[in-house]
Amino acid sequence: MILLSEIAEKIRSEIQSWPSHQNLKVEIQIDPSLNNTRKGEKDIFTELLMMPAGLLHSSVSLIDIRISGDDEKICVSFNYNTASARSIQLWNNLAEKAAAWNPQVHMREQGVDITLNLPVSSANPPVDLEAMARETGISIEDARTILEGFLVNAKSYVRILRDGIGKPEKKQGIDSYIRAAHSLKGAGRTLRAPELAAAAGSLEQKIRENGDTTEEQRRLEVIWDRIEFWFEGNGYER
Amino acid sequence: MKDKSILYAEDEFTNRKIMEIQCRNFGIKCTLEENGRKALEKCSREDFDLVILDQYMPGLNGDEIAKKLKKLKPDLPLVAITSDDSCVPRLKATGFDSVYVKPLRADDYRKLLETYLT
């Protein structure tokens, strides 16, 4: 399964960790109406989207990635502020891997558009208790105990973010919002809750950049609602 | 590994609990701290066989604690755990003996504890 928001977050942090691209500003926007959950191998999808970024000339200082589409396909547009996209032709070397997605590549003078058939996947449970127990080597009973504690802790983080960001009369300070989002991201990874981890990670990044967090907060609220309903449906008290 | 003791400083609940359970299963005494500054105070006062530090914590971050501990107790093994894989080289340069990236898997916990406690 592919989570578009998770991939976007991974691409952003990966590009910004490259020594040759330390000053490269990466803007990634996902159409908010787009279904986030897609069928397919996320590693291949990430590799496909990383390839154009990896081929950028060092003179490029801004890369603007926009992801749009519908329930059957997605279109990823890479836009650069300088240089040409000629080196992007090398991307075709990877197209074989994505043959099942019928990739269509359109070169532009300052960018490239990649369209892939990537249908919506049926939504998975927001928390994968069995995967967490299996992958961390703990018992299901211990995993359940951790989940109960998580619910209590996570509620307080969600409340801090919901009540504080964008409200200057609240004096918690930006650091408390970064910590709350960071903790939700970490818990999401540990609990094998990738949507929570991705949504909280995007929000943390946006808060650090001092940007407009409206969309990231909305996405976090949507996934938090799903998690709370999942808890209720699985016998936990909300 | 029985009778060994570690200190694990981590402000996030789920990671703290999993380490506690892993230590319990290996028979290791595990002391937990949620705040970096308190973790440093505890390390200064008490003896541990291994100190594991989350990087991003209230009070003091893991790398700040590591720098101070390396002066106070140069032989004490220090392990960092971070959710940001881009800061691994920087943490290694700080003086950590190992750096792990979250989420840790069963093999990571085993390797981490066996490396420094056997």
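**A helix and what covers it**

In this predicted model, the cover over the buried residues of H8(A) includes helix H1 (4-17), helix H5 (140-164) and H7 of chain A. The buried residues themselves are Glu216(A), Gln217(A), Arg219(A), Leu220(A), Ile223(A), Trp224(A) and Ile227(A). They lie on the same side of H8(A), because they cover an arc of only 155° around the axis. An α-helix has 3.6 residues a turn, so residues three or four places apart point the same way. The other side of H8(A) holds exposed residues: Thr214(A), Arg218(A), Asp225(A), Phe229(A), Glu232(A) and Gly233(A).

The length of this helix can be checked. Helix H8 of chain A runs over residues 214-233, which is 20 residues. At 1.5 Å a residue the helix should span 28 Å, and its end C-alpha atoms are 29 Å apart, which agrees. After H8(A) comes Gly235(A), with a positive phi near 85°.

Next comes the nonpolar core. The largest one has 86 residues, and Ile6(B) and Leu53(B) are those with the most contacts inside it. Helix H7 (residues 194-208) of chain A gives the largest share of this core, seven residues. Domain 1 (2-117) and domain 2 (129-233) of chain A each supply at least three residues to this core. Leaving aside residues up to four places away in sequence, Ile6(B) touches Cys23(B), Ile28(B), Cys30(B), Phe48(B), Asp49(B), Leu50(B), Val51(B) and Ile52(B).

Now consider the backbone. Most residues other than glycine have a negative phi, and most peptide bonds are trans. Arg192(A) is not a glycine, yet its phi is positive, about 55°. This residue sits in the loop between helix H6 (174-190) and H7 of chain A. Is Arg192(A) buried or exposed? Arg192(A) has 23 C-beta neighbours inside 10 Å, so it counts as buried. Asp3(B), also a residue other than glycine, has a positive phi near 75°. Asp3(B) belongs to the segment before strand E1 (5-9) of chain B, and it is exposed because it has 9 other C-beta atoms within 10 Å.

The peptide bond from Lys102(B) to Pro103(B) is cis, with omega near 0°. Pro103(B) is in the loop between strand E5 (98-101) and helix H5 (106-117) of chain B.

With 14 C-beta neighbours inside 10 Å, Arg108(A) counts as partly exposed. Phe78(A) is 30 residues from Arg108(A) along the chain, and their C-alpha atoms are separated by 9.5 Å.

Conventions
Residues numbered from 1 in each chain as written. Chains lettered and ligands numbered in written order. Predicted model: local features only at pLDDT ≥ 70, side-chain atom pairs only at ≥ 80, totals over all residues. Core = buried A, V, L, I, M, F, W, Y, C linked by C-beta atoms within 7 Å. Buried ≥ 20, exposed ≤ 12 C-beta atoms within 10 Å, placed from the backbone. Helix = DSSP H or I, 4+ residues; strand = E, 2+ residues; numbered from the N terminus. Domains from an automatic or database assignment. Contact = placed C-beta atoms within 7 Å. Expected span 1.5 Å × (residues − 1). Arc of directions from axis to C-beta.
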